[in-house]
Amino acid sequence: MNTHCLDLDLHRLDLRFARARVAEPLAVERIARSIERGGQIVPCVAVADPPVEILQGGERLVLIDGYRRIAALRRLGLGVLARTQSRQWTAIEEALLVRELVQCLGLSQHAIARRSGRDVSWVSRRLQLLAGLPDAVLVAVIEGRLSSWAASRVVAPLARANSEHAERLMKALSDAPLNTRALRTWFDHYLKASRLTRERLVEHPHLFMAALEESIEQSTSEGLRDGPEGRCETDLRRINVLIRSVRKRLPSLCPLSADLTAAFCLVQTNFEALGQDIERYAEHDPHGDPRQRACSQDARS
C-alpha cells in the first residue's frame, strides 16, 4: 500500500465510521492530556475516497483508525477557551478560534459554549466581533501589523459606523502603521471631530498625529517659559472670553431659567473667593519687587 505521513486539518477528515466506534470519555480525556503534554505521537490512519493522490491536498479523507485521537484534539481545541492559567487570550484571538470551530468543524454555538464552559451569548459576541471587521483588518492582526486592542476598540466600531472610513484608515496604516497609543489618541479626536475634519483625519492620520505632537511640544515649551504665573494668567483670560460670550447670548435666553441663574450664583461665589485670594496673596507677595515682576512680564511677552 502506498502510504504517506502528513499533517491535515481536522475538517478534511470524513468520520463516516464514527457510529461504529464506542464512545469512551475517560479514554478520550487521557489521550487529550497526553497530547497536551507531548504532542500527538501516534498518527491516525485515513484513506482517500475515491483513491487518488493524497498529497494533492483538496480531497476529503475517510478516517479508518484514530477516532479517539480526533475527539481528543477537538476537545483540546475547545479547552484553550476554558483555561485561564495560561496567557490571557485577546477577544480577536478567541473570535478567530470560535469561527474556525464553527466553519471548519461544523460545531454549533451551543456546542462550543457547552464544551468550553462559556455561555451562548459569549460565543455569539465573539462571532459578531469578526462580522464587523474587514478582511484586511483580520489579516493585519494575524500578521502582527495591527494590535488586537486597536482592531476591536478602534477599527471595529469605526467599520460598523462608516465602513468607507475604516477601509481608508487601514490603507493609510498599511503604508506607515501607528502604534496603539497613537491610534487611540487619533480615535478620540475622530469621535469629537466634525464631518469635514473626519475626512482629513482618515485621509492623513500621520499628518494629524505629527501636528498634534508639535502642538503639544509647543504648549509644553510655553508652559516651561511662562511658569505657573503665565498659566494662571492665560486661564483668567480664557474665563474672560467665556464670560463675554455668555453675556452676548443672554438676551436671546429671556426669561432666564432657574438652572442658569443657579449656575451663575455658583460662579459668582467662586469669583468673589478668587478675588479675596488674589488680594491676600498680592499683599503677602514674597517677591514683591516690581522690577522683578516687570522682567517676568517682558519674558512672557
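Colleague: Is Trp186 buried or exposed?

Modeller: This is a predicted model. Burial is read from relative accessible area, and under 20% counts as buried. Trp186 has a relative accessible area of 0%, so Trp186 is buried.

Colleague: Which ring is stacked with that of Trp186?

Modeller: Rings pair if their centres lie within 6.5 Å, and planes under 30 degrees apart count as stacked. The count of aromatic pairs in the protein is 3. In one of them, the ring centres of Trp186 and Phe187 are 6.5 Å apart and the planes are at 20 degrees, so this pair is stacked. Phe187 is itself stacked with Tyr190, with centres 6.2 Å apart and planes at 15 degrees.

Colleague: Where do Phe187 and Tyr190 lie?

Modeller: Both belong to helix H9 (residues 180-192), 3 residues apart, or about one turn of the helix. Phe187 is buried at 10% relative accessibility, and Tyr190 is buried at 5%.

Colleague: Which residues of helix H8 are buried?

Modeller: They are His165, Ala166, Leu169, Met170, Ala172 and Leu173. Down the axis of H8 these buried residues fall within an arc of 165 degrees, so they line one face of the helix. Glu167, Lys171 and Asp175 are exposed, on the face turned away from the buried side.

Colleague: Which ring does the charged end of Arg184 sit over?

Modeller: The ring is that of Trp149, with the charged end 5.6 Å from the ring centre. Arg280 lies over the face of Tyr281, 4.9 Å from the ring centre.

Key: Residues numbered from 1 in each chain as written. Predicted model: local features only at pLDDT ≥ 70, side-chain atom pairs only at ≥ 80, totals over all residues. Heavy atoms only, no water. Buried < 20%, exposed > 50% of the residue type's maximum accessible area, 1.4 Å probe, protein only. Helix = DSSP H or I, 4+ residues; strand = E, 2+ residues; numbered from the N terminus. Arc of directions from axis to C-beta. Phe/Tyr/Trp six-rings, centres within 6.5 Å; stacked < 30°, edge-to-face > 60°. Lys NZ or Arg CZ within 6 Å of the ring centre and 35° of its normal.
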